Amino acid sequence: VDSVPNETTFLFGGIYILNKNEKDHVIAKLQGFFYDERGETLGLIGAENLYHFIVEEIAPLIYNSAIEDARLVANRQMDSLQEELEVLKKIHKKNK
């Protein structure tokens, strides 16, 4: 049982991602997947170890990829906004 505030578990660097019920659900899904794919029972300790491996080793890679995707979308939106702002600029004509 995790002993962190609000029954949450952390991803990395103290970032809280799942509460105890969500974590338990994920562990049950891992156990079900293991049984369906291998025909073997994955015990609670094994499932928790697999869960922690995924959280510590794989989740940061997925998280960082998602952040990069979000950055690219934000940059495209900023470029579009810059273009729209350029269109709104008034042209100043000098008197000759």
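**Surface and core of the model**

Me: Is Phe53 buried, partly exposed or exposed?
Reply: The relative accessibility of Phe53 is 44%. Buried means under 20% relative accessible area, exposed over 50%, and partly exposed in between (1.4 Å probe, protein chains only). Because its value is 44%, Phe53 counts as partly exposed.

Me: What kind of model is this?
Reply: Residues are numbered from 1 along each chain as its sequence is written, and side-chain values use heavy atoms, without hydrogens and water. Local features need pLDDT of at least 70 and side-chain atom pairs count only at pLDDT 80 or more, whereas totals for chains, interfaces and linings use all residues, for this is a predicted model.

Me: Which residues does Leu42 contact, leaving aside its neighbours within four places in sequence?
Reply: Leu42 belongs to the largest nonpolar core, which has eight residues. Such a core is a set of buried Ala, Val, Leu, Ile, Met, Phe, Trp, Tyr and Cys residues joined through side-chain atoms within 4.5 Å. With contact meaning heavy atoms within 4.5 Å, the partners of Leu42 beyond those neighbours are Leu30, Gln31, Phe34, Ala47 and Leu50.

Me: How far apart are the closest N and O atoms of Glu86 and Lys89?
Reply: Glu86 is partly exposed, with a relative accessible area of 47%, whereas Lys89 is exposed at 54%. The two form a salt bridge, that is, a side-chain nitrogen of Lys or Arg within 4 Å of a carboxyl oxygen of Asp or Glu. For Glu86 and Lys89, the closest N and O atoms lie apart by 3.0 Å.
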